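User: I would like to learn how to read the features of a protein model step by step. Could you take me through this one, giving the general idea before each case?

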Amino acid sequence: MNVILQSLKFAVLCLATFTIAVSAQNASITETHGIAVANMDRSVKPGDDFYQFCNGEWIKRTEIPPDRAEVDVFSRLADLSNKRTADLIEEIAKSNPPAGSGQRKVADLFNSYMDEAAIETKGLAPLRPHLDAIAALHDKRELAHALGETLRADVDALNNTNFYTSNLFGLWVAPGFNDSEHYKAYLMQGGLGLPDREYYLSDSEHMRKLRAQFQSHVSKILKLAGFTDTDTRASRILELEHAIAQTHRSLADNEDIHKANNTWTQADFSAKAPGLNWTEYFRGAGIDDVDSFIVWQPEAFTGESALVASTALDTWKDWLAFHLIEAYAGVLPKSFADERFAFFGKEMSGTTQQRPRWQRGVFLVDGLLGDAVGQVYAQRYFSPEAKAQAQAMVANLIAAFRKRIEALSWMDPATKAEAQAKLSTLYVGIGYPETWHDYSSFEVKPDDIFGNIWRGRLSDYRREVARLGKPVDRKEWSMTPQTVNAVNLPLQNGLNFPAAILQPPFFDPLAPAAANYGAIGTVIGHEISHTFDTEGSAFDSKGRVRNWWTSADLKHFETATAQLAAQYDTYKPFPDISLNGRQTLGENIADVAGIAAAYDGYKASLGGKTAPTQDGFSGDQQFFIAFGQNWGSKTRDAALRQEVMTDPHAPAEYRAATVRNIDAWYAAFNVQPGEKLYLAPPDRVRIW
Ligand SMILES: [Zn+2]
């Protein structure tokens, strides 16, 4: 699980809209070293609204740029990282790298994306053979084969937590739940054009309106591609997707790995999920020699497979055609990209302008050749000194966790021993991976952006399939160095902290310890704590699915965490929507645990000395303010609604408010009963 879910999945998949946030106004992110006092609103009482207290002035003076759905600290750093990546790509292109090299591919991929004139000239030609193949499907057997051909490695249940694919199903290759020494195939539900089942099933006015707009969008896309009777076709596609949504598991249930650990052999599919011709499906996907799979949501496989049998072939052909065009809208003539943006950018996220094309080009290169750029990025922007300092902080945080676990009164000694063993075998990757992806099988042509993306996704899929059954590399990364995020990989018992997050304002070698521990320290603590949270407690020190807790430990944990879920259920970002405490529970536990451990690490780093003050703020105050400032953000309403529905993380302002669970915060700001965030000591959720 990662520290933020960048809403990039739609962006990267569809190459047209970007809901990830970035600010245009801060060329340099921090001018001072330490907390950003100028961003605070000191007229607000910290005990009433800690988020506004830390970020109020920044919020007042910040406008969300027209091409963004959101601005926050992560996005401002992502802007910097994207700009640097773009410069590197330009440099690479100018250096005229040898044919066939990774660098040549980077240059050719980016340039082919930027060549809009060539895209207009080609028109629908690159799409045509694929549309013709769909039109030529004669029966459900051929349909099953074609559906199999759409399978891609585009989902990720536990690392980057992306449960979405618009294809019928998605593949994730990861260490096996029941054999963590080898890579295994996980299959997941898919098939929706909108982000989640709720978009189809919710009866709220907002969702009904979005559905109507989506239907008209489907019709327009089909019309642009030359289809007739597009309103009728769109209405049938929506009807089919509504039926698919009814078979889908909710996001909160998707996070329960015990419900996900279902091994099916190839033969099981026909017996347990009749309807789809599975033999043809697996043949189309090129995985008919794979013996067994872990089926994450069996009921969705049963339901979707039955729909293949019960829904007319023509409807499925329209559905396939629509999803294909939509997935490539960003590299088809401008009318397609504009229509896609009109719906996903404007209606879904509230942005009024598309990101500049060069930025979308950087996202594309990051998505398909991320390591080829990342290798150069890490060399250029991450010094060995920064790496050593970050490693020292991680060591302090791990030591803090060790002490906390040892001191827990409720945990059984045997459970404690396994928790300590997990800390001992934890792999902590700092900055960049030890090995890089090999892109030799990905053919990039200088003038064929459609084909480049097609081949890129296919070669990525084949690389993942080729790993099935092979021994697990526990030091493998799941993020590129240029990503502003951090991640816990539970099946590998590993963490990744990419170079791009290890810089100011999260991490600044010149800032006082209070600010660094409050900012990046709480992020590191957040990721370490996933090792022991609702999901982490299900994996042992070797990444195996094994409940290493006693039932009494688990009961205490569940009681404490239920209290935290209930706390988040009370937050209402809009009058008609509350947060879902269960959907965001794992991340909320990680936030509380992250602050607690980072606070200990910070205190230990002082070695008994008094911390220096900054602008009259004590060390403890700076620590909590730095944490609160991690979450300063502005989000458009439409995007915030989408986040509440689809993100396992709570919106930023509620993440800042979680300091109310930490005793030291009350002491630091003299928070008293009657103040809005005040919780009586028994109501503060203490887990670690
Ligand atoms: Zn997380």
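**Reading strands, helices and cores**

Analyst: Helices (H or I, at least four residues) and strands (E, at least two) are DSSP runs, numbered from the N terminus. This is a predicted model, in which local features need pLDDT of at least 70 and side-chain atom pairs count only at pLDDT 80 or more, while totals for chains, interfaces and linings use all residues. Residues are numbered from 1 along each chain as its sequence is written, and side-chain values use heavy atoms, with hydrogens and water left out.

User: In which sense do strand 7 and strand 8 pair, and over how many bridges?

Analyst: Strands of a sheet pair through backbone hydrogen bonds, either parallel or antiparallel. Two strands are said to pair if DSSP finds at least two bridges between them. Here strand 7 (residues 487–489) and strand 8 pair in the antiparallel sense over three bridges, and Leu489 has Gly494 in strand 8 as its bridge partner. Strand 8 also pairs with strand 6 (residues 427–431), in the parallel sense and over five bridges, with Val428 standing opposite Leu495.

User: Which residues point one way from strand 8, and which the other way?

Analyst: In a regular strand the side chains alternate between the two faces of the sheet. From strand 8, Gly494, Asn496 and Pro498 point one way, whereas Leu495 and Phe497 point the other way, and all are buried. Buried means under 20% relative accessible area, exposed over 50%, and partly exposed in between (1.4 Å probe, protein chains only). Because five of the five residues of strand 8 (residues 494–498) are buried, the strand is largely enclosed by the rest of the structure.

User: What is the order of the strands in the open sheet of four strands?

Analyst: The order is 2-3-5-4, with mixed pairing. Its edge strands, each pairing on one side only, are strand 2 (169–175) and strand 4 (263–265). Strand 4 runs antiparallel to strand 5 (residues 292–295), to which three bridges join it, and Thr263 stands opposite Ile294 in strand 5.

User: How should I read the angle at which helix 19 and helix 20 pack?

Analyst: Axes are lines fitted to C-alpha atoms, for helices over the stretch in contact, and angles run from 0 to 180 degrees between N-to-C directions. Angles under 35 degrees count as roughly parallel, over 145 as roughly antiparallel, 65 to 115 as roughly perpendicular and the rest as oblique. Helix 19 (residues 384–407) and helix 20 (residues 413–425) pack at an angle of about 175°, their axes being 10 Å apart, and are therefore roughly antiparallel to each other. Contact means heavy atoms within 4.5 Å, and among the residues that make it here are Phe401 of helix 19 and Leu423 of helix 20.

User: At what angle do helix 3 and helix 4 pack?

Analyst: Helix 3 (residues 73–94) and helix 4 (residues 102–114) pack at about 110°, with axes 9 Å apart, which means that helix 3 is roughly perpendicular to helix 4. The contact is made by Ile89, Ile92 and Ala93 of helix 3 together with residues of helix 4 including Val106 and Phe110.

User: Why is helix 14 described as largely enclosed?

Analyst: Six of the eight residues of helix 14 (residues 278–285) are buried, so the helix is largely enclosed by the rest of the structure. Its buried residues are Trp278, Glu280, Tyr281, Phe282, Gly284 and Ala285. Just after helix 14, Gly286 takes a positive phi of about 70°.

User: Which residues touch the most other members of the largest nonpolar core?

Analyst: In soluble globular proteins, nonpolar side chains tend to be buried together. A nonpolar core is a set of buried Ala, Val, Leu, Ile, Met, Phe, Trp, Tyr and Cys residues joined through side-chain atoms within 4.5 Å. In the largest one, which has 198 residues, Phe624, Trp665 and Trp688 touch the most other members. Helix 24 (residues 585–606) gives this core its largest share, eleven residues. A second, separate core of 17 residues includes Tyr186, Leu251, Ile257 and Ala538.
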